[in-house]
Amino acid sequence: MEYTVGSIAPIFLSPVIAFVINAFLGRKLPRHGDWLATLSIFISFIFSARIFGDFLFGKFATDYYIHKVFTWFDLSYGTQIFKVDMGIYIDNMSAIMLLMVSGVATLIHLFSTWYMDHDEKHGRFFVFLPLFTSAMLGLVLSDNLFSLFIFWEIMGFCSYSLIGIYNKKEKAGDASLKAFMTTRVGDVFLLLGIVAIWMVLGSVAYVDIYAAIAEGKFTGLSVLGISFATFSALCIFLGAMGKSAQFPLQVWLPDAMMGPTPGSALIHAATMVTAGVWVSLRMYPLMVLGDITWFIAVIGAITAFGAATIATVQTDIKAVLAYSTLSQLGYMILGVGVGSYNAAFMHVITHAMFKACLFLSAGSIIHSVHEQEMPKLGGLRKYLPYTHFAMMCCTLAIAGIPFFSGFVSKDRILGDALYYGFMAGQNPLLAIVPILGFAGAGLTAFYMFRMMFLTFYGENKAHHDDHGHGHHGDHGHGHEIHHEHLDARQNVPLLILSVFTLGFWFCGTLTGQGFGKVFGSKTEWFKILVEAPKVEKFVNSPREPFSKVDSKPEAHLEHAHYHHQTGYAGPNPDEHKLHSAHTIGAIASIIIAFSGVFLAFLMYIKGSVKPWASRFPGFTKVLQNKYYFDDLYIEVIIKKGLLNLNKGLSWFDMGVYDRFAVDGWATVNRWLFKASKWFDNVVVDAIGVDGTGVAVNLFNLVLRIVQSGKIQFYFVMLVMVLASYIWTLNI
Amino acid sequence: MMSLASYLIISMVLFVVGLMVMIARKNIVAILLGIELILNAAALNFVAYSRYVTSNLDGHIFSLFIIVVAAAEAAVGLAIVIRFFQIKETIHVDEATQLRN
Amino acid sequence: MFLQFLFISSAILTLACTVAVLVTKNLMHSCVFLLGTLVGMAGLYATLGADFVAVTQIMVYMGGVVILMLFAVMLTGGKDFVSRAQNLLGLPASMGNKWTYSMGIFVGVVFILTNVKLLSSIIKTTPTKTIGNDFPSTVTQLGHLLVKDHVLAFEISSVLLLGALVGAAIIARPRKQN
Amino acid sequence: MNQTVVSYLAQYEFFDFLVAIFKNNQSLLSFLIYLIFALLIVGMCATIGGLGTYAERKISADIQARIGPNRVGPYGLLQFLADGVKMIIKEDIMPATADKMLFYLAPLLCLTGVFATLAVLPFAGGFIMTDLNVGIFYLVAISSLVGVGVFLGGYASNSKWSMLGGMRGASQIISYEIPVTISILAITLLAGGMGFGTIVSNQGGLPHQWFMFHNPFAFLATFVYFVGALAETNRAPFDLPEAESELVSGYHTEYTGMRFGFFALAEYIEVFVVCGVATALFLGGYNIPGLDIDILPLQAIQFTIFMTKTLLLYYVVIWIRWTFPRLRVDQLMSICWKYLTPIAIFNLVGCAIWMVAFNGKSIAELVFGSH
């Protein structure tokens with residue numbers, strides 16, 4: 001099978017087409033065209049599945065990649081080369097990511113058709129949803145940072161629109177603005193990094209960057225006193241921090257839950273936030289070269305732990321999920337930082353699955369009960385059995401319980417972190433990374449099960465409350481919680497997603513430790529397919545236009561590469577140490593996870609331990625105020641810093657620029673005006689204008705006779721002129 | 001008797017009469033009649049030259065196109081006349097002094 | 001002999017009708033005389049061996065242009081047209097007066113003098129072929145010329161005709177009275 | 001230049017005798033032959049036109065279960081002569097406000113237009129006044145003189161009914177000329193020429209060799225032509241210009257005596273001509289089934305075949321007149337412009353494509369193989 005435009009473009013284009021149709025014709029279509037959006041994403045999914053199948057089942061060698069380009073614009077003139085290519089770059093990682101994004105997005109679309117039914121923003125929602133998905137798919141397909149940036153910004157816009165879709169609510173508008181502005185901070189740095197790389201290389205394609213790293217083109221350059229590689233890597237990572245909501249720029253993500261829940265699911269799980277991790281993974285060789293991995297690891301660890309602590313006190317079910325997303329993103333970034341490339345990417349995938357499922361489940365609850373404050377919920381297990389099942393699977397996964405996917409990926413990250421912090425001979429201060437990581441893992445188990453227990457167990461407070469308060473009647477059917485039935489649009493997507501919370505889909509063994517193989521020889525497909533880019537192979541790699549058949553051999557590595565491996569099989573000489581680190585990490589994380597679950601059980605089911613909110617009121621208040629980050633940004637940075645700066649600038653503008661430049665120029669002009677007025681009156685008007693008028697009048701006297709408007713007169717003149725001309729000829 | 005000159009003279013008479021019709025009449029339809037005469041005079045010249053001077057049929061082609069153009073001109077011209085009459089209730093050519101309705 | 005008979009009769013028809021177009025005061029009669037002129041022209045074309053042009057002349061003018069002219073005369077005759085049927089004479093100014101006729105005659109004389117000056121030299125200098133009485137059919141050759149050498153003009157004239165058709169229909173269509 | 005009756009006769013030996021009699025003055029001889037021939041055809045067609053009125057009355061009587069004219073001559077066959085005599089001796093009334101010149105001219109124009117078409121009508125091989133190489137084109141062109149005649153007749157009478165009838169007639173005739181001409185063009189494509197000799201000789205005597213059955217498009221064109229021709233001759237159901245119930249008698253309301261007779265004669269002869277053209281174009285013309293030679297004695301058979309087909313069509317025309325109700329004006333125009341013209345254009349394009357695609361073979365040749 002050849003990969004042509006026709007076999008790759010539909011992945012990106014079919015949602016775009018759905019977007020265009022829905023944007024212009026959505027009102028006229030039945031159900032505002034939501035079926036069209038869903039269908040378009042499903043088409044993307046089918047095409048992605050084909051690519052994934054080719055990569056997974058040994059059609060290609062494991063280091064095969066498809067890179068095709070076309071000239072976007074060519075401004076070359078003579079020897080000045082200025083040619084910008086666009087193209088696609090698909091390797092194993094892209095194939096997996098495409099499948100995940102399109103698959104999860106399909107299910108989210110399907111769920112949205114139920115969730116947004118009869119909603120006033122139904123049509124608008126299904127305009128932006130396919131655009132959002134297509135932007136993410138395009139981002140994954142991009143072969144260079146520039147087109148990545150374009151899709152990155154489209155996603156920013158879409159998230160803005162989706163978060164603020166209920167534009168009548170002031171909070172929604174604020175949240176959308178916050179998300180947009182906060183990510184903008186990161187985007188500026190990302191653009192700076194891209195431009196820096198362009199300045200040096202004249203190209204921002206991944207393969208060119210890899211080749212440049214391999215050839216050492218970045219060495220010896222420096223910007224602002226720091227090495228060029230560090231500078232560009234830092235800039236790109238700051239962009240990723242903005243998009244993936246890492247530590248200082250995390251404030252937008254919890255507010256992003258103001259949008260409809262399926263939109264949040266898309267933002268938190270499959271698309272937007274993973275884009276930051278994606279670009280970090282793609283640029284991993286640059287990060288290594290720039291030697292900022294320790295910074296990445298620290299940022300990730302802080303985010304992972306800090307977000308987890310805040311999540312423990314949240315009462316809104318979606319807020320808990322939002323902070324858990326932050327925390328898990330922290331783990332991904334941490335994984336990138338500690339060199340656990342494979343596991344970090346695996347965590348992207350597994351997290352996308354269970355977080356999408358969690359958000360959809362939350363949506364199912366909210367839509368059924370019309371309540372999202374956890375203290376007012378409870379005992380929903382009887383009413384929403386399918387949602388409960390799905391949500392429980394996902395909670396087990398995110399909490400890191402063995403046999404579930406979250407355990408596999410998180411445990412590998414933590415194992416690598418343990419090795420990185422204690423055994424790799426790094427700076428001893430970096431031991432904080434594994435410590436914060438493990439602490440966060442425990443907190444994750446705790447707050448997730450807290451959410452589960454408060455929502456599904458205990459007695460049903462919402463039910464009783466509604467009998468007491470009549471004012472909830474405006475919900476229409478808000479009084480009675482209907483028993484959930486199996487519905488293709490409501491809970492089947494959840495159940496499908498919950499199937500993939502099992503660990504063996506990703507590691508081939510039950511726990512990820514090599515015991516209990518499930519898939520035979522292809523057990524560790526993920527580990528085999530995904531590895532950090534080997535930059536050396538990209539040197540002098542040919543550019544292939546879309547029209548050409550790939551010249552690279554498709555399967556030049558033997559298929560027997562899929563052999564059984566235990567533990568980490570990287571080229572690390574300290575394999576023994578690493579192995580032991582992983583063993584310790586696995587045991588530790590199992591213990592920590594179960595203890596977290598147990599603590600939650602004691603607090604919220606048995607009630608034998610009082611919730612710590614009452615015991616540490618001060619700390620709880622800090623947590624409830626999200627470590628005062630919002631206040632810091634608004635009170636300190638914006639009000640004290642930026643506002644004063646703006647005031648100063650305004651003073652300069654009014655006092656200096658306006659007074660001297662503008663008003664002074666006006667005075668000069670006034671003098672000029674007097675002079676020119678005299679000139680105008682005397683020279684132009686009297687001589688020029690009136691003189692012209694007199695001249696025209698004179699000519700008019702003559703022309704009026706000739707130009708009579710009587711057509712027969714013209715005939716006569718015509719013949720006369722012709723005759724006189726002919727009579728003057730000498731023939 | 002049948003020679004190029006006789007055809008040219010007939011064509012000249014047609015042309016002159018057409019010209020005189022155009023000049024003497026104040027009725028737009030009559031002026032269009034004059035134009036038809038003039039066009040026919042030209043077409044006759046082409047065909048006569050085609051027979052007596054050149055040996056190819058390009059003159060025929062040209063007169064065919066003249067006929068085509070005359071037909072189109074008559075159709076559009078008369079449509080304008082009728083429209084003009086609807087507005088002005090007259091087809092006196094000197095009344096047609098405005099470029100807009 | 002037959003040919004000359006045809007030529008003389010056609011020429012007389014043409015010239016007589018042409019002059020009648022000029023001198024008659026009735027526009028309707030003018031149109032009918034124009035018809036006579038055009039039929040005579042067709043005869044002249046026939047004497048020149050231009051059979052296709054002759055028939056086209058009859059087809060286009062008799063079947064189309066003259067009837068259009070007659071329609072136009074009828075439609076613009078005035079509201080009370082029927083009661084003063086031939087009093088297009090009643091509109092003497094529009095059919096010309098002494099002043100315009102004298103102007104026309106003056107111009108005509110000037111033009112004829114000019115033309116005679118031209119023709120006298122042209123007829124002397126133009127080399128004419130000696131031609132027999134054979135009249136090969138021109139239809140096939142004209143067809144080939146139209147679709148080979150002159151195909152562009154042919155296509156453009158078809159566009160012109162379409163434009164004239166649409167344009168005439170749009171210009172003359174009745175407007176809503178308001 | 002063209003095949004004419006003279007050039008046809010010149011291939012026989014007795015022509016030399018005639019030339020000898022006229023002392024080698026060939027022109028005079030030709031002129032005489034033309035004159036005799038023209039008188040023959042005109043006389044014949046005038047008789048046919050006259051008999052047409054008789055046939056019309058007889059057939060209508062038959063359709064309406066009456067007897068019809070039966071007093072003058074056997075079966076009332078000489079009725080038309082009696083009518084003609086009546087018309088000639090009637091007073092020739094001229095309305096006081098009529099435009100005299102045009103009033104005289106109009107019936108003559110009609111008659112001229114119709115009789116001029118007879119010059120190219122192929123009665124039999126060689127028995128055709130002149131086989132112009134633009135024959136059918138000439139016929140279509142010259143017959144539009146009838147439209148002018150109708151229009152001028154309506155105008156010159158200076159009467160409301162006449163005026164309306166004349167305008168209706170003229171607009172109808174020039175409108176229906178378009179589908180008719182385009183249908184004829186389709187047949188011209190099949191025949192490869194516009195002369196009637198070419199057209200007829202490209203068909204055969206048997207029905208599968210007729211152009212009507214040459215291809216489906218030509219089959220459609222036959223009907224388009226026939227409907228359009230009915231309208232062009234102002235026959236029912238398209239007889240709006242002379243609709244009795246609306247316009248008294250249309251453009252010839254004010255005409256009496258022989259001038260009315262001219263109009264009537266022109267109409268009947270035109271119907272005959274139109275049927276003859278349909279025969280020549282679509283129904284194989286004068287071809288004898290199985291034979292394709294035109295030596296002298298056989299032309300009697302050819303003539304018979306041609307007249308049989310034509311008069312059968314004539315019968316159909318009369319039949320239609322007494323069967324169908326009249327159309328409204330808007331229906332008439334919408335039939336022409338919205339149905340017949342597009343169909344005719346479709347036929348033309350279809351025929352052109354057929355000629356290219358099947359190399360000019362007819363359906364019968366394609367089905368039964370080339371013979």
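Student: How many bridges join S1(A) to S2(A), and which way do the two run?

Tutor: Eight bridges join S1(A) to S2(A), and these strands run antiparallel. Please keep in mind that this is a predicted model.

Student: What about S1(A) and S5(A), how many bridges are there?

Tutor: Strand S1 of chain A covers residues 66–74, and two bridges join it to S5(A). That pair runs parallel.

Student: What is the order of the strands in the sheet?

Tutor: In chain A, three strands form an open sheet in the order S2-S1-S5, and the pairing is mixed. Strand S2 (83–90) and strand S5 (544–545) of chain A stand at the edges; each has a single partner strand, so one side of each is left without a neighbour in the sheet.

Student: Which residues stand across from A:Val69?

Tutor: In S5(A), A:Pro545 stands opposite A:Val69. In S2(A), A:Gly87 is the bridge partner of A:Val69.

Student: Moving on to helices of chain A, where is A:Tyr447?

Tutor: A:Tyr447 is found in helix H18 of chain A, which covers residues 432–456.

Student: Is A:Tyr447 buried or exposed?

Tutor: A:Tyr447 counts as buried, because it has 26 C-beta neighbours inside 10 Å. The cut-off for a buried residue is 20 or more.

Student: Which residues does A:Tyr447 touch, leaving aside those up to four places away in sequence?

Tutor: A:Tyr447 touches A:Ala308, A:Ala311, A:Thr312 and A:Val320, when residues up to four places away in sequence are not counted. A:Val320 is 127 residues apart from A:Tyr447 along the chain, and their C-alpha atoms are separated by 7.7 Å.

Student: And A:Ala9, where is its place, and how does it count?

Tutor: A:Ala9 lies in helix H1 of chain A, residues 5–25. A:Ala9 has 15 C-beta neighbours inside 10 Å, so it counts as partly exposed. The C-alpha atoms of A:Ala9 and A:Leu141 are separated by 9.5 Å, and these two residues are 132 residues apart along the chain.

Student: What does the contact between chains C and D take from each?

Tutor: That contact takes 24 residues from chain C and 30 residues from chain D. On the chain C side, H2 and H3 each supply at least two residues. The largest share of that side, 12 residues, comes from H3(C). The side of chain C that touches chain D divides into 18 nonpolar, five polar and one charged residues.

Student: H2(C) came up there. How many of its residues are buried?

Tutor: Of the 21 residues of H2(C), 19 are buried, so this helix is largely enclosed by the rest of the structure.

Student: What span should H2(C) have?

Tutor: At 1.5 Å a residue, its 21 residues should span 30 Å, and the end C-alpha atoms of H2(C) are 30 Å apart, which agrees.

Student: Which residue follows H2(C) with a positive phi?

Tutor: H2(C) is followed by C:Gly49, whose phi is positive, near 80 degrees.

Student: Last topic: what is in chain D?

Tutor: Chain D has 15 helices and two strands. Of its 371 residues, 50% count as buried. Among contacts in chain D between residues at least 6 apart in sequence, 78% join residues at least 24 apart.

Student: How do H4 and H12 of chain D pack?

Tutor: Helix H4 (residues 79–89) and helix H12 (residues 257–282) of chain D pack at an angle of about 135 degrees, with their axes 6 Å apart. That angle makes H4(D) oblique to H12(D). The contact is made by D:Gly84, D:Met87 and D:Ile88 of H4(D), together with D:Gly257, D:Met258, D:Phe260 and D:Gly261 of H12(D). By class, the contact has four nonpolar, three polar and no charged residues.

Key:
Residues numbered from 1 in each chain as written. Chains lettered and ligands numbered in written order. Predicted model: local features only at pLDDT ≥ 70, side-chain atom pairs only at ≥ 80, totals over all residues. Contact = placed C-beta atoms within 7 Å. Helix = DSSP H or I, 4+ residues; strand = E, 2+ residues; numbered from the N terminus. Nonpolar A, V, L, I, M, F, W, Y, C, P; charged D, E, K, R; others polar. Pairing = 2+ DSSP bridges. Expected span 1.5 Å × (residues − 1). Buried ≥ 20, exposed ≤ 12 C-beta atoms within 10 Å, placed from the backbone. Axes fitted to C-alpha atoms, helices over the stretch in contact; angles between N-to-C directions. Parallel < 35°, antiparallel > 145°, perpendicular 65-115°, else oblique.
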